[in-house]
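Hi,

Here is the structure I promised to pass on to you. Have a look at it first, and then read on for what turned up when I went through it.

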Amino acid sequence: MKTKYLLIAFCFSLLIGVHNLACAQAGKVYDLQKPVISIPFEVENGSIVLTVTLNNSHQPLHLLFDTGADGIALTQGMADTLGLQVTRKQSTSVVGGNMDISISENNTIHLDTFAIGGQSIALFKTLKHGVDGIIGNNIAKRFIVKVDFDTKQLSLYNFGNYKYEPGGTTVSFTLSKGLIILTCTLCLTAGQSDTGQFVFDSGASYGLICFRPFVRKNRLLVSGFIPESSGSTTSMGITTPTFTGKAVSFTVSNLTPINNLPVTLMAGSGQDEAWQPGFDGSIGIKFINHYNFTINMQRSEIYFKPLSKADQSN
Amino acid sequence: MIKKLISAALFMGMSYGALAQSPVTITGDLKTDHVVPVNLYKVVDGKANAIAQEKPTRDGKFGFIFYPEYEGFYVIGTGSGISMMDAYKFYFKGGEKLSLAISDTSYTLTGKENSKENIVLTQWHDFIYPIEKKSVWFMKGNSTYVDFFPQFETAVAQSKTFLDHKTTGDAHFDAAMKQVIQFDLASYATNFLQTPRTAHPSVEEFSPYFVALNPADFTTYTQPLYSYPFGIRLMDGLIAVTMRKNGTKWQKGPTGVKTMIDVIPNDTLKGEIVLESLATLKNFSAYQAINDTLGKYVITDNQKSRNVAIATPLAELKTGEDGYKFSYPDSTGKVVNMTDLKGKVILVDVWATWCGPCRGEIPYMKKLAEEMKDKNVAFVSISVDKVKDHDKWKKMVADEKMTGLQLFATDQNDFSKYYKINTIPRFLVFDKTGKVVNVDSPRPSEPELKALLEKTLAN
């Protein structure tokens, strides 16, 4: 879960370029409600998986649409298959130590007939099971991204005076380290309310997790919370115990509160508690897929609209 | 069985008959998966000291008859007496009959002749058993602070009224029982934090009992702690929790011991911490470093006597004493004597092939030997592998290209016994005349070892 934040650093420069591009496009005349491209996606274990191709290869790649990452990543094995060239290496500080990441630059990714060039791709020995790689917020930096679970379509729109369909709610976010951060309020037990900054992470398989510093600071595990199960999460050789149960309610910014939401809380491992993720927690796909959502980086907002279907994607 | 009981009674009578006019008679059934010895402990200076052991009959019957040395708490159980595991408290002053059945993790009273005091103690044990189970039996179940803290706080609240309407009429016991409840709660609390768990709380997550836990409540006077069977263990736990709350790091040597005793207000009990620290040492210079600065807290005659018992064997190994003249074969079978190395400073590494930390020192040992190859230093590695692992040892010596003299002493060797080497790796330095420089020297991975060798060469 923490590994994907590795992608933040190498794509940071891209972010700056994107805003310039967005400003240039704003002055042109587009049919703003017509998508640049609309492609189907598959829902696997609740997550969004896109089928794309890379450069001149016709081999379909299955990429997890992961807003908890800032760029594109592929497995080293798939990169070798496609003949991607490593153009540079980057040492990145991560939880538990440093990791050297191989990066292939200046690739073109194809979403059906639509090509997006100049893409840097990070190569990892292993990534999430069942996908060839992940695609993060880099497309959201260049286009408005609409994810519709009802039709299972992901659509890209040019920045501009985009109008959201009625029936939803606009939520403002901040960008931090290339990630989308939402202000959320957790009512874990009756009478306890804690507000924090949560990563909007469509690549995470859970619904809601609170990171250790937030759990510790607000004494979430020792204030009457009754866990239903326990487990652990391991990242970079560090295993963190977790406890999962139901929160009385969870509210993303100005959205309607969701009651009895499953929440996972990170507990102390008895070792060094110096890990500072920079955020208070993360909202995963099992929460996100209750909504069709549109990410609009230009306005720093996400438009949430509850699914129209009774049977939601999870 | 009867004969055994009588012989036990006579033996104990000789020791303690002067204080108690009537013996205590204990009969029991051991209802455990395996028949193991049952121990009877008295309380000495905050620890449970075994005074009798009985191997039950094949159907689990056991018994003790003894004259209690004092009125107060004793312990019965199949445990070692070091922890609260399989160790149950009872109160005797003489003349009582106790009948009990011991299971794998608890006990029940049986019969109708048990004293009021022991009935109250058992009621308390029954009440607190869910807490004891989670705190002491940490390997059974998977309790963490998330479930323990709220349950413990509830037990603490209920314990405040536990003794209501349970007055026995024995004023001495009734007062002692109030105290035992507080000491038990603190013991379960500290033991819980000090034992392996899948999750551990940060200090910010401590529940109110842990936040308020104050060592001074238990260690201002010696008597309450000394008369509690797990008193010293509790004091260690209180120190550990307090240091954690204060963010104090553990340190070696006098500074570390000073940090610990600063938590305890009573000087005599400070002395117990000093003695505990001294008892773990393996060389006289380390002993002197602590004793010279903190030995002033070793106050009572009893403590002084224990201090002498700790110092005597260490003094035999102090700097300047003749080193033990070892003599072991190398990989070719040629026997190497320590006296063969006279004229050289000797670094001895006691190790074994199965010991990970020992193997971790090998690269440093090789590097040190290379750096000092022109110096008059003999590098001697003594393997304490079992005889059956001789070939494994030879292979590792070859595979790892280990340098210096490689000797095979086996796990049953006099060198280890002489220097009380219970843990490895262990490094020892002797001067050019074979006299002790340091029998627990720094490791090759520590720069202090090279400095010590160079200093010894210069002398």
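**What was found**

In chain A, 41% of the 314 residues count as buried. Please keep in mind throughout that this is a predicted model. The secondary structure of chain A comes to five helices and 21 strands. Among the contacts in chain A with a separation of 6 or more, 69% are between residues 24 or more positions apart.

Leu179(A) sits in strand β13 of chain A, which covers residues 179-187. Is Leu179(A) buried or exposed? Leu179(A) counts as buried because 24 C-beta neighbours lie inside 10 Å, and the cut-off for buried is 20 or more. From Leu179(A) to Val199(A) there are 20 residues in sequence, and their C-alpha atoms are 6.7 Å apart in space.

Ile226(A) belongs to the loop between α4 and β16 (229-235) of chain A. Ile226(A) is exposed because it has 11 other C-beta atoms within 10 Å, and a residue with 12 or fewer falls in that class. Ile226(A) and Tyr303(A) are 77 residues apart in sequence, with 33 Å between their C-alpha atoms.

Next, the place where the two chains meet. How many residues does each chain bring to the contact? Chain A gives 13 residues and chain B gives 12 residues. On the side of chain A that touches chain B, the elements giving two or more residues are α4 (212-217) and β17 (238-252) of chain A. The residues on that side of chain A divide into six nonpolar, three polar and four charged.

Now to chain B, beginning with a pair of strands. Strand β1 (residues 24-30) of chain B runs antiparallel to β4(B), and six bridges join the two. One detail to find there is Asp29(B), whose bridge partner in β4(B) is Lys61(B). Strand β4 of chain B, residues 61-66, is mostly covered, with five of its six residues buried.

Further along chain B there is an open sheet of five strands with mixed pairing, in the order β13-β12-β11-β14-β15. Which strands form its edges? They are β13 (405-408) and β15 (436-438) of chain B, each of which pairs on one side only. From one strand to the next, the twist averages 25 degrees. Within this part of chain B, β11(B) and strand β14 (residues 426-430) run antiparallel and are joined by five bridges. Ile346(B) has Phe430(B) as its bridge partner in β14(B).

Helix α13 of chain B covers residues 356-371, which makes 16 residues. From its first C-alpha to its last, α13(B) reaches 24 Å, close to the 22 Å expected at 1.5 Å a residue. Where does α13(B) kink? The kink, of about 30 degrees, lies at Ile362(B), shortly before the proline Pro363(B). Ile362(B) is also one of the buried residues of α13(B), and the others are Cys358(B), Glu361(B), Met365(B) and Leu368(B). These buried residues pack against β11 (345-351), β12 (377-383) and α16 (447-458) of chain B. An α-helix has 3.6 residues a turn, so residues three or four places apart point the same way.

Enjoy exploring it, and write back with any questions.

Best wishes

Technical notes:
Residues are numbered from 1 along each chain as its sequence is written. Chains are lettered from A and ligands numbered from 1 in the order in which they are written. This is a predicted model: local features need pLDDT of at least 70, side-chain atom pairs count only at pLDDT 80 or more; totals for chains, interfaces and linings use all residues. Helices (H or I, at least four residues) and strands (E, at least two) are DSSP runs, numbered from the N terminus. Two strands pair if DSSP finds at least two bridges between them. Two residues are in contact if their C-beta atoms, placed from the backbone, lie within 7 Å. Ala, Val, Leu, Ile, Met, Phe, Trp, Tyr, Cys and Pro count as nonpolar, Asp, Glu, Lys and Arg as charged, and the others, Gly among them, as polar. The expected span of a helix is 1.5 Å times one less than its number of residues. The bend at a residue is the angle between axes fitted to the seven residues ending there and the seven starting there. Axes are lines fitted to C-alpha atoms, for helices over the stretch in contact, and angles run from 0 to 180 degrees between N-to-C directions.
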